[in-house]
Amino acid sequence: MQFDWLDIVTTILGLIYIWLEYKAHIGLWIVGIIMPALDVYLYFTHGLYGDAGMAVYYTLAAIYGYIAWKLGAKQEEASLRISHTPVRMYLPILLFFLVAWWLTYYVLITWTNSTVPVLDAFTNALSFVGLWALSRKYIEQWFFWIVVDAVCTILYVQKGIPFKAGLYGLYVIIAVFGYFKWIKLMDNGE
C-alpha cells in the first residue's frame, strides 16, 4: 500500500490541533486554517467530495474562530468563556443540522460520484454544528466531535486514508478526555 505524504502531514497537524483544542488554546485556530486547506486536495483526490467541501468551510470557519476568540478575549465577553449551550438553541441547532445534512446529501448525489453520500453528508452537517459550538466555546461541542470522528474513522479506512483514519480514531478518545478537561476549565471560570 502506498502512503500519501499529505495524509501524513495533515495527520501530524491534526494531532497538534486536537492538543491545542484540548488545552482551549487560541493557537488551534492557526493550525485549523492550515490543515483543512491541505485537506481540500487530500479528500478530493480520494473521492470524499463532501469532506473536501467541508475542509473549505473549516478553513473559513477557523478564521472566524480565531477572530471571535481574539476579540472576545480583548473584550472579556462572558460568551467566550467555556459554557453550556443554551437550551433555547437546541431546536435551531437540530433544524440546522437536518437541513445541512439534506442539502449536503443532495449536492453529493446530484453533482458528484460520491460512493458514501449519506455518511459524508452526515459528518459534514454535524461538523458545521460542532465547529460553530467550538467557536462559541460550548462544552457540548465535544459530543458532536465524538460522533463525527467515529464515523470519519470508518469512512477513511474504507477510502484508503489510513493515517487520517487513525487520527480520527484517536480524536474520539481525545474528545472524551477533552470534554472532562473543559469541565474543569469551566469550573475554574475559563
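Val99, Trp102, Leu103, Tyr106, Val107, Ile109 and Trp111 make a nonpolar surface patch of about 740 Å². Patches are made of residues with over 30% relative accessible area and no salt bridge, nonpolar side chains (Val, Leu, Ile, Met, Phe, Trp, Tyr) being joined within 5 Å and like charges within 9 Å. A salt bridge is taken as a side-chain nitrogen of Lys or Arg within 4 Å of a carboxyl oxygen of Asp or Glu. Accessible areas come from the Shrake-Rupley method with a 1.4 Å probe, and for residues only the protein chains shown count as cover. The model is predicted, with local features needing pLDDT of at least 70 and side-chain atom pairs counting only at pLDDT 80 or more, while totals for chains, interfaces and linings use all residues. Residues are numbered from 1 along each chain as its sequence is written, and side-chain values use heavy atoms, with hydrogens and water left out.

Residues are called buried under 20% relative accessible area, exposed over 50% and partly exposed in between (1.4 Å probe, protein chains only). Leucine 103 is found in helix H4, where helices (H or I, at least four residues) and strands (E, at least two) are DSSP runs numbered from the N terminus. Leucine 103 is partly exposed, with a relative accessible area of 43%. Its C-alpha lies 8.9 Å from that of alanine 125, a residue 22 positions apart from leucine 103 in sequence. Isoleucine 109 also has its place in helix H4 and, at 44% relative accessibility, counts as partly exposed. Tyrosine 106 is partly exposed at 36%, whereas tryptophan 111 is exposed at 62%.

Aromatic pairs were then counted. A pair of aromatic rings is described by the distance of the centres and the angle of the planes. Rings of Phe, Tyr and Trp (its six-membered ring) pair if their centres lie within 6.5 Å; planes under 30 degrees apart count as stacked, over 60 as edge-to-face and the rest as tilted. By this rule the count comes to 18 aromatic pairs. One of them joins phenylalanine 96 and phenylalanine 128, edge-to-face, with 6.3 Å between centres and 75 degrees between the planes. Phenylalanine 96 lies in helix H4 (residues 90–111) and phenylalanine 128 in helix H5 (residues 117–135), so the pair ties together parts that are 32 residues apart in sequence. Tyrosine 106 and tryptophan 111 form an edge-to-face pair as well, at 5.8 Å centre to centre and 90 degrees between the planes. Phenylalanine 96 is partly exposed, with a relative accessible area of 45%. Ring pairs also link Phe96 and Phe128 with Tyr57, Tyr58 and Trp145 into a cluster.

Helix H5 has 19 residues and reaches 27 Å from its first C-alpha to its last, close to the 27 Å expected at 1.5 Å a residue; the expected span is 1.5 Å times one less than the number of residues. H5 is mostly covered, 16 of its 19 residues being buried. Threonine 123 lies in H5 and is buried, at 1% relative accessibility. Threonine 123 and aspartate 7 are 116 residues apart in sequence, and their C-alpha atoms are 19 Å apart in space.

Most residues other than glycine have a negative phi, and most peptide bonds are trans. Lysine 137, which follows H5, has a positive phi near 60 degrees. This lysine 137 lies in the loop between H5 and helix H6 (141–158) and is buried, with a relative accessible area of 13%. The charged end of lysine 137 sits over the ring of tryptophan 69, 4.2 Å from its centre; the criterion is NZ of Lys or CZ of Arg within 6 Å of the ring centre and within 35 degrees of the ring normal. Alanine 24 likewise has a positive phi, of about 55 degrees. Alanine 24 lies in the loop between helix H1 (5–22) and H2 and is buried at 19%.

Side chains of opposite charge can pair when their charged atoms come close. The structure holds one salt bridge, between lysine 164 and aspartate 39, with the closest N and O atoms 3.0 Å apart. Lysine 164 lies in helix H7 (residues 162–187) and aspartate 39 in helix H2 (residues 28–45), so the pair ties together parts that are 125 residues apart in sequence. Both lysine 164 and aspartate 39 are buried. Alanine 175 is also found in H7 and counts as buried at 0% relative accessibility. From alanine 175 to phenylalanine 143 the C-alpha distance is 7.7 Å, with the two 32 residues apart in sequence.
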